[in-house]
Every structure is written in structure tokens, then in C-alpha cells.
Amino acid sequence: MLEVSEPRLPCYKLGFRLRDVAFPSRFAKALRPGAYFRIVEEGQIGPGDTLTLLYRPEDHEVSIREVMRIRLFAHEERAKLATVPALSMAYRGWAMLKPEELGGS
């Protein structure tokens with residue numbers, strides 16, 4: 001059993017691989033992230049296996065796309081992320097930073 005924990009943001013390596021250094025920026029602006037998952041229950045999964053959605057939290061309206069948008073383009077809205085339990089501690093910690101602590105992030 002897997003749980004979505006944070007978006008997978010594009011980095012410079014994607015641009016190198018595609019031989020297009022501007023690609024990560026275009027990809028980010030499109031707001032179409034991948035996702036990182038945490039393992040909730042160990043098991044086996046392989047190519048061609050079907051994934052079934054078991055649960056979607058109703059206690060917040062924060063999608064992976066919204067996390068990406070806030071992280072990359074709307075730092076002033078980061079407080080929305082601080083209380084989302086499924087979000088990784090790295091993102092929740094970033095969301096709780098004071099404006100002066102953000103630096104160049």
C-alpha cells in the first residue's frame with residue numbers, strides 16, 4: 001500500500017537528459033508534477049499491475065499540483081501545507097518557515 005507524500009519537481013538533470021536546459025522551467029510552469037510515494041504496507045508491485053485508489057483525504061483540499069504551485073510560485077500561500085498530514089515533513093517544515101528564513105527557495 002502506497003501513499004502520495006509530495007510532488008516530484010523537475011530539476012536540471014531532466015534538462016540535461018533531454019538536451020534542453022529550458023525544459024525543467026517549462027515543465028514546472030505547466031504544473032504537471034509526478035508524485036513521490038511512501039510505503040504504508042510492504043508488498044510486491046510490478047510492471048502492468050493495477051493501482052486502486054483506497055482513500056482520498058477529505059480534511060484538506062491540497063492536491064499534489066497545488067503543492068507544486070505553492071512551492072515554486074506562491075510561497076506566500078505555504079501555510080496551507082503546514083497541516084496536511086500526508087505531506088512529507090520536508091514540505092511541512094518548509095511551509096512553517098518565517099518569510100526571512102525562506103532565503104532563495
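1. A search of the whole structure finds 6 salt bridges, a salt bridge being a side-chain nitrogen of Lys or Arg within 4 Å of a carboxyl oxygen of Asp or Glu. The structure is a predicted model, in which local features need pLDDT of at least 70 and side-chain atom pairs count only at pLDDT 80 or more, while totals for chains, interfaces and linings use all residues. Residues are numbered from 1 along each chain as its sequence is written, and side-chain values use heavy atoms, with hydrogens and water left out.

2. One of the salt bridges joins the side chains of E3 and R38, at 2.7 Å from N to O. This pair links distant parts of the chain, with E3 in strand 1 and R38 in strand 2, 35 residues apart. Helices (H or I, at least four residues) and strands (E, at least two) are DSSP runs, numbered from the N terminus. E3 has a relative accessible area of 30% and is partly exposed; R38, at 28%, also counts as partly exposed. The classes are buried for under 20% relative accessible area, exposed for over 50% and partly exposed in between (1.4 Å probe, protein chains only).

3. D20 and R26 form a salt bridge through their side chains, at 2.5 Å from N to O. D20 is partly exposed with a relative accessible area of 24%, and R26 is partly exposed with 45%.

4. The side chains of E77 and R69 meet in a salt bridge of 2.5 Å, N to O. E77 is partly exposed at 24% relative accessible area, and R69 is partly exposed at 22%. Through salt bridges that share partners, E66, R69, E77 and K80 are joined into one network.

5. R92 lies in helix 4 (residues 89-95). This arginine is buried yet has no salt bridge, and the nearest side chain of opposite charge, that of E3, is 8.7 Å away. For charge, Lys and Arg count as positive and Asp and Glu as negative, with His and the chain ends not counted. Leaving aside residues up to four places away in sequence, R92 touches L81, A82, V84, P85 and L87; contact means heavy atoms within 4.5 Å.

6. There are 2 aromatic pairs in the structure. Y12 and F16 form an edge-to-face pair, with 5.6 Å centre to centre and 85 degrees between the planes. Rings of Phe, Tyr and Trp (its six-membered ring) pair if their centres lie within 6.5 Å; planes under 30 degrees apart count as stacked, over 60 as edge-to-face and the rest as tilted. Y12 and F16 are both exposed. They are separated by about one helical turn because they are 4 residues apart in helix 1 (residues 12-18).

7. The rings of F23 and F27 have centres 5.8 Å apart and planes at 40 degrees, so this pair is tilted. Since F23 and F27 are 4 residues apart in helix 2 (residues 23-30), about one helical turn separates them. F23 is partly exposed at 24% relative accessible area, and F27 is partly exposed at 26%.

8. L2, V4, F37, I39, I45 and L51 make up a nonpolar patch on the surface, with about 610 Å² of accessible area together. Strand 1 (2-8) and strand 2 (34-39) are the elements that give two or more residues to the nonpolar patch. Patches are made of residues with over 30% relative accessible area and no salt bridge; like charges are joined within 9 Å, nonpolar side chains (Val, Leu, Ile, Met, Phe, Trp, Tyr) within 5 Å. Accessible areas come from the Shrake-Rupley method with a 1.4 Å probe, and for residues only the protein chains shown count as cover. I45 lies in the loop between strand 2 and helix 3 (64-73) and counts as exposed at 56% relative accessibility.
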